[in-house]
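Here are a few exercises to work through with the model open beside you. Try each task before reading its solution.

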Amino acid sequence: MASGGFQARKVSEHVWWVGAVDWALRDFHGYSTQRGSSYNAYLVMGDYPVLIDTVKAQFRDEMLARIASVVDPADIKVIVSHHAEMDHSGALPQTIDVIKPDKVYASQLGIKNLHAQLHDRHEITAVKDAEVLKLGGLSFTFLETRMLHWPDSMISYLHEDELVFSQDGFGMHLATPRLFADENDPAVMLYEGRRYYANILLPYSALVLKLLERIKSLGISIKTIAPDHGPVWRKDLDTLLGWYAKWATQKPEKRAVIAFDTMWQSTSLMARAIGDAMAGEGVGVSVLPLQGSSRADVMTELLCAGALLIGSPTINNGMFPTIADVLTYARGLKPKNLIGAAFGSYGWSGEACAQIEEYFRQTGVEPAVPSLRLKFVPDETGLSQCREFGKAVAAKLQGKVAA
Ligand code: FEO
C-alpha cells in the first residue's frame, strides 16, 4: 500500500505512532476543542507487528498509510483495542477487513461494546486485569481501568520499552505537528491537559487516585506515557503525574468562577461589580460571559476552584437557556468542594436565582450567601449590594480554603 506521504513517527525502540491529527475538530461530544485533537494509534514492531488502537472512522486511510510507511498492514497479526469509544474504534471494523488479523484483544467489557460495533465481523479475545501477554515476542501487562472513563477502558504496559499505553488517560485534545510533549509549549500542555481532565475525567477522580496508587504499587519503571490523544510524554513524567494527583484531589483554591448571561446588560453589570469586589479581596476570579465562553471553558476554570457564582436573568419564569446548559453539563462532571452563589437581574418575577439555588442543593454545592436579585437596572445602591455580595462570598471562600 502506498503511504500517500503520511509517515509513522518513532516513539521508542519498538513503538511507532501511526495515528491521525484532526486539525478541524472543534467539538468533542459537547466539549469545545479550539485546538483540534489527535487520535493516536501505535504500531509495536516485535517478531510480528501489533496495532494498538485505531482512529476515528474517517481517518482510517491516514492511519493505514502511516502503518504502510513502516510495514505492510497485512503483516499485522494482532490488534489491541483498549477502549470502544468511536474515536478509537471507529476505524476498527474496516481496519479488520483490510488487515485480517489473527487476534483482536479487548477487555471483557470491551468485547461487549465492540460486538455492537463490529457486528460479528471478528472474534474478540478478552484480556483479564493484570494479565501478561507475549505479543510479537514482547511482554504486555494489561490493567483494567473501568470507568476511566468508560466501563471497558484498559491500559497496558510494554515491558521492553517501559512504556504505558494510557488510552484516554493523560491525553489532551490538541492538534500539533510535534509528537512529544517536551517539544510543545509547556503552558499549552498544562492548559490543554487541565481542560481535558476537567471535561472528560473529572467525575472519575476517585478512580484516578486509585489508579495512580496502583501504578506506584507495581514498582515499574515508566519511561514513556503514550496516550490516545495529544502528545506523547517521554520527559517530565513526574510533572504529569503530579498534575493528575492534584486535579483528582480537587482541593479548593482561592479562586472563583463567575459564569453569567445577560439580557439587557444588567446581570452583566452585576457580574462585573461582584468579580471586581472579589478580586479586591485577593480571590482569583474568572468572569465568563456565556455569550462568548463555552461550557467547557467554565469547567476548565472550575477545576480546583473553590466557588461557583452563577448569574442569570429571568426569562419566561426560568433561568437563561445558556445557564441551564452549563449547569446540566456541570452536573454530569460532578465538580467537588464548591461553595455557590446565585445572582441576577429580573423584571417581573425573578425565578432564576431560586432555580439555581435548587441546582446547588441537588448537586452538593454549599450555598455561600443568599442569592442577590435586583430589579431591572442596578443603580449605585444595587452595585454596592453586588460588591458586598462579592466580599461576603470571598470571606466564605477564604474560610473554606483555610479549613
Ligand atoms: Fe478518546 Fe473515550 O475516547
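**Exercise 1. Count the salt bridges, then examine the one formed by Glu192.**

Let's begin with the total: there are 18 salt bridges, a salt bridge being a side-chain nitrogen of Lys or Arg within 4 Å of a carboxyl oxygen of Asp or Glu. Before going on, keep in mind that this is a predicted model, in which local features need pLDDT of at least 70 and side-chain atom pairs count only at pLDDT 80 or more, while totals for chains, interfaces and linings use all residues. Residues are numbered from 1 along each chain as its sequence is written, and side-chain values use heavy atoms, with hydrogens and water left out.

Next, find the partner of Glu192: Arg35, with the closest N and O atoms 2.5 Å apart. Helices (H or I, at least four residues) and strands (E, at least two) are DSSP runs, numbered from the N terminus.

**Exercise 2. Describe how domain 1 and domain 2 meet.**

Start with the bounds, which come from an automatic or database domain assignment: domain 1 covers 9-249 and domain 2 covers 257-396. Their centres, taken over C-alpha atoms, are 38 Å apart.

Now look at the interface. Contact (heavy atoms within 4.5 Å) involves 14 residues of domain 1 and 14 residues of domain 2. About 1,200 Å² is buried between the two domains, with 54% from carbon and sulfur atoms; buried area is the accessible area (1.4 Å probe) that two parts lose on being put together, summed over both. On the domain 1 side, Arg194, Asn199 and Leu202 lose the most area, together 37% of what that side buries.

Then check the charges: 1 salt bridge is counted between the domains. Strand 5 (31-32), helix 5 (186-201) and helix 7 (237-249) each give two or more residues to the side touching domain 2, and helix 5 supplies the largest share, 6 residues.

**Exercise 3. Work out the strand order of the open sheet of 5 strands.**

The order is 12-13-14-15-16, with mixed pairing, where two strands pair if DSSP finds at least two bridges between them. Strand 12 (132-135) and strand 16 (224-227) are at the edges with a single partner strand each, so one side of each has no neighbour in the sheet.

Thr141 has Tyr157 in strand 14 as its bridge partner.
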